[in-house]
Amino acid sequence: MTQSPLSGPFGTVIIGAGQAGLSAATELRKRGYQDPITLIGDEASLPYQRPPLSKAYLSGDLTLDRLWLKPEAFYEKSQIEVLTNTRVTTLDRARQLVITKDGREIAYDYLILATGGTARRIPIPGADLMGVHVLRDLIEADGLSAALDQARHVAIIGAGYIGLEVAASARKRGLDVTVIEAAERPMARTASALLGGWFGAIHRGYGVDLRVNTPVEAIVGDDKAEGVRIAGGEVITADLVLMATGLTPNTQLAESAGLSCNDGIEVDDSARTDDPLIYAIGDVANLPSARYGRSLRLESVHNAIEQGKAAAASIMGEAVNYDPVPWFWSDQYELKLQITGLIEGADQRVRRGDPEEGRFALFHFKDGRLIACEAVNAPQEYIAAQRMIAQDKRPDPEALRDVTVAMKTFLA
Ligand SMILES: Cc1cc2nc3c(=O)[nH]c(=O)nc-3n(C[C@H](O)[C@H](O)[C@H](O)COP(=O)(O)OP(=O)(O)OC[C@H]3O[C@@H](n4cnc5c(N)ncnc54)[C@H](O)[C@@H]3O)c2cc1C
């Protein structure tokens, strides 16, 4: 349908041309949505995958042309108008329109906020020195990659997934790598102590100097980073510093438009905000989880895709109850880690397989229910666990521990 500035339909406007925004746009068309779809992004490029930025793209094993989520022709064919290099600065709910940085007003019938997040820079002295990097987008990944080409000593602040993946890439390039983590183990926010400790040992085995329980005080250097000063005063030499210290959700537009925000934009189980015409999806959304009895903000490709689909279904008038079992993966060295569910509250754990062989799974239970699985090079265990968790199953822990019992037995 044609859009006139004075009369609708104006269709759906999506702010944020990332994984979630694209998923919503694609799903709307798949479901037969006929009105205009405008996907607005402030980056220069069409939607691309972020996970390889700290993995295969950074190590040079995957080239730029493999990063795109859809080929350029897809957007025209699907009649999805993509505005790149376009930042939305104002959301005017009363007039149902958004205003871009260059003053353009774009009206909507429905609005989807898919604005993701920004890599957090911890506010310490030296945080703005040259040679201090963060990693969220393609430009930052290209900058980091070029800097790694010149670097010898790399310090990574934060032993979460991104920090550890970059550490693995940097070791592959033969660089000296120190990872500095304030918590007592790597991946402390999301992974079990056993898994975090095991990954820590793997990184040390590959020659990473991993410092845990180590708060960072400052980045030192005159005009360029030369080292990281840690608690106690030691300075770790570094000509490249990566701050891999988490994400701040991009809620500014929503907040200034008066939408409820609390660690993300608050939505209901159909991804709708407290304005019935506005949805929020992906990394920026804080969703209610009946499954976990609390709200969650998930930073994963799976959530971005599925919550995008949920918003589209809701716009199409379907009753939606989005209450996901989270899942996530990480690639480090030759290890593929897959995590499904959340380990919080677990009261029993069994291990299947031998970590010494580099292939095992940890199953976490609460009150007899399987609630999470952490699988290392163990895709069958992971897939079976994902189904069991979604179905609230109570598999026999001892049988799960026994590698002679095939995983498919548990799905019967
Ligand atoms: C290095 C890295 C590795 C990762 N690895 C994994 C992994 O292994 N597995 C996994 O599941 N997940 C991984 N993730 C997380 C995953 O990529 C995100 O969960 C996912 O991209 C979220 O999608 P999104 O669409 O919500 O946000 P984004 O992909 O961040 O997209 C949001 C877009 O909105 C734009 N935007 C923001 N504000 C405005 C505005 N006002 N106007 C216009 N545009 C705006 C942003 O610039 C951005 O382009 C990784 C992320 C990174 C950075």
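Which residue takes a positive phi in the hairpin of β25 and β26? It is D367, with a phi near 50°, and the hairpin has 2 residues between the strands. Strands here are DSSP runs of E, at least two residues long, numbered from the N terminus.

Before I go on, this is a predicted model, in which local features need pLDDT of at least 70 and side-chain atom pairs count only at pLDDT 80 or more, while totals for chains, interfaces and linings use all residues. Residues are numbered from 1 along each chain as its sequence is written, and side-chain values use heavy atoms, with hydrogens and water left out.

Strand β25, residues 359-366, runs antiparallel to β26 and is joined to β26 by 7 bridges; two strands count as paired if DSSP finds at least two bridges between them. A361 has A375 as its bridge partner in β26. Strand β23, residues 335-341, also pairs with β26 in the antiparallel sense, over 5 bridges.

Now the domains. The domain assignment, which is automatic or from a database, gives domain 1 as 12-118 + 248-315, domain 2 as 121-245 and domain 3 as 334-411.

How far apart are the centres of domain 1 and domain 3? Taken over C-alpha atoms, 32 Å separate them. In contact terms, meaning heavy atoms within 4.5 Å, 4 residues of domain 1 meet 6 residues of domain 3. The area buried between these two domains is about 420 Å², and carbon and sulfur atoms give 43% of that. Buried area is the accessible area, 1.4 Å probe, that two parts lose on being put together, summed over both. On the domain 1 side, R291, Y292 and R294 lose the most area to domain 3, together 90% of what that side buries.

The count between domain 1 and domain 3 is 1 salt bridge, that is, a side-chain nitrogen of Lys or Arg within 4 Å of a carboxyl oxygen of Asp or Glu. R294 forms a salt bridge with E344, and their closest N and O atoms are 2.7 Å apart.

Last, T86. This residue is in the loop between β3 (80-83) and β4 (88-92). Buried or exposed? T86 is buried, because its relative accessible area is 15%. Leaving out residues up to four places away in sequence, T86 touches I40, G41, D42 and T100.

Technical notes: Helices (H or I, at least four residues) and strands (E, at least two) are DSSP runs, numbered from the N terminus. Buried means under 20% relative accessible area, exposed over 50%, partly exposed in between (1.4 Å probe, protein chains only).
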